Amino acid sequence: MMMATTATTDARCAGILLHPTSLPSGKLDATAGTFLDWMTAAHLTVWQMLPLTEPLDGLSPYQGISAFAFNPALLPDNWQAEVDPQALATFMANPPHWLLPYARFTLLKSLFGGSAWNQWPDIYKFRNPQALAQLDQSHVAELQAICTQQFALIQCWQQLKADANTRGIRLFGDIPIFVAYDSVDVWSNPDEFRLDDNLDPTVVTGVPPDYFSETGQRWGNPHYNWPTMEANGFRWWQQRMAWSLELFDLVRIDHFRGLEASWEIVASEPTAMQGTWVKAPGHELLAALQASHNPLPVIAEDLGIITPEVVALKESFGLPGMSVLQFGFNGLPDNPHALAEQVENSVVYTGTHDNETTLGWWQALQDEGQKSWILSQLDLTTGDMPWPLINAAFHSPAHMAIVPLQDFLGLDNQARMNTPGTIVDNWQWRYDPQQLTSTLAQRIAALADAAKRSPC
């Protein structure tokens, strides 16, 4: 097939990584507009976020109740007063395809004490049409309230996106490759997943044993039923991508290597040790998505151990990959994160939401010789760490440079967003509005201008 050129990295630009829950209020309110104003002053033209979905358990946006619905926690405090009844009626006359299943799922979860859908009575577990029709009739007000929340969130988001785009700022979203088993996506589309006759997973996701874990990582997400998906033209994925591109100007596919092959673990296995690499029809899926969205504004999260087959899949569609400068100083040859190995068709980061903050990473380095070697590769005229690494990202050949707000603010690991493999003290960080000063914006703008990353 002909390689497509994406619209994601067509000019040098700089952006920021900040999830909306890290706004001072943690909501889609006036603080988001203030943040856009500050981004404009800082000459930052891309706002990257994590998934906007409602966390299933805890706060992680990567295990969501729905791949489509917004997290109601993002609603502004005064949201009910902003709902236009006529606009709501128009919306409900032609709702998104995912809205009613999501409302039913949320209601049933509430009615059954938050239990997983495979523990519900069979009439709901197997989605008996008569039972669902009766549910609709007997819980009109509750279902309407859930739908109204989503309507309000969509309106808030549409306004935010319009405000961002008017300022020349693009919104950059995130698509987790897998979905949670206890999600409306699996409940309402069981044929699209590898489930048995009782709707339990036959195989689950994970990664095999490696240097970091003797037993691997058993994530537990259900695997896709790829033959069924391919037979129906990847309908669910098409809907998912179409909705994502209504919300965002470009999106990242998390764990992109899973579109080439993924580690399948028999569901009864307690660890990831006994598994198999199984090929996925990633080429066919991306071709189908590209046929609907060309150019395809997708960035491939290709971190970790990436095979030549994964690289070939990414490059056959011209998709930008990622590099993280914190990973670039191990001294090994052909390190794709090293300063000398940066490429244009990519997005360079100082660190991601899963990394230490750059200051925290720097403080944790114990070898003074290694520190001296790292500093010898950086421009130290920009100030103390993390500024030399920020400057290196901005001057990278990569067309897009993204820096977490924590790094711009020079914060240590107390401001870390997430520590993989842990379940406490994650996803909670918020900035103080007083931290976004005009002086800081001017400093960032000067770096962006010097690196020819402004405007995008």
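Reply: Before the sheets, one criterion is needed: two strands count as paired if DSSP finds at least two bridges between them. Please also keep in mind that this is a predicted model.

Me: Fine. What is the strand order in the open sheet of four strands?

Reply: That sheet runs β5-β4-β7-β8, and its pairing is antiparallel. The edges are taken by β5 (217-222) and β8 (275-279), each of which has a single partner strand, so one side of each is left without a neighbour in the sheet. From one strand to the next, the twist averages 45 degrees.

Me: And how many bridges join β4 to β7?

Reply: Two bridges join β4 to β7 (residues 261-266), and these strands run antiparallel. As for individual residues, V204 has I265 in β7 as its bridge partner.

Me: Now the open sheet of eight strands, parallel or antiparallel?

Reply: Its pairing is parallel, and the order reads β9-β6-β3-β2-β1-β12-β11-β10. Here β9 (298-300) and β10 (321-324) stand at the edges with a single partner strand each, so one side of each has no neighbour in the sheet. The twist in this sheet averages 25 degrees from one strand to the next.

Me: Which residue stands opposite V324?

Reply: That is Y349 in β11; β10 and β11 (residues 346-349) pair in the parallel sense over four bridges.

Me: Switching to helices, where does α1 lie?

Reply: Helix α1 (residues 30-41) lies across β1 (13-17) and β2 (46-48), and it runs at about 135 degrees to β2.

Me: At what angle do α3 and α6 cross?

Reply: The axes of α3 (residues 99-111) and α6 (residues 140-166) cross at roughly 125 degrees and come within 9 Å. That angle makes α3 oblique to α6, and α3 passes α6 in a right-handed crossing.

Me: Which residues of α3 and α6 meet there?

Reply: On the α3 side they are L99, Y102, A103, R104, T106 and L107, which meet E142, L143, I146, C147 and Q150 in α6.

Methods: Residues numbered from 1 in each chain as written. Predicted model: local features only at pLDDT ≥ 70, side-chain atom pairs only at ≥ 80, totals over all residues. Heavy atoms only, no water. Axes fitted to C-alpha atoms, helices over the stretch in contact; angles between N-to-C directions. Parallel < 35°, antiparallel > 145°, perpendicular 65-115°, else oblique. Left-handed = near helix turned anticlockwise from the far one by under 90°. Contact = heavy atoms within 4.5 Å.
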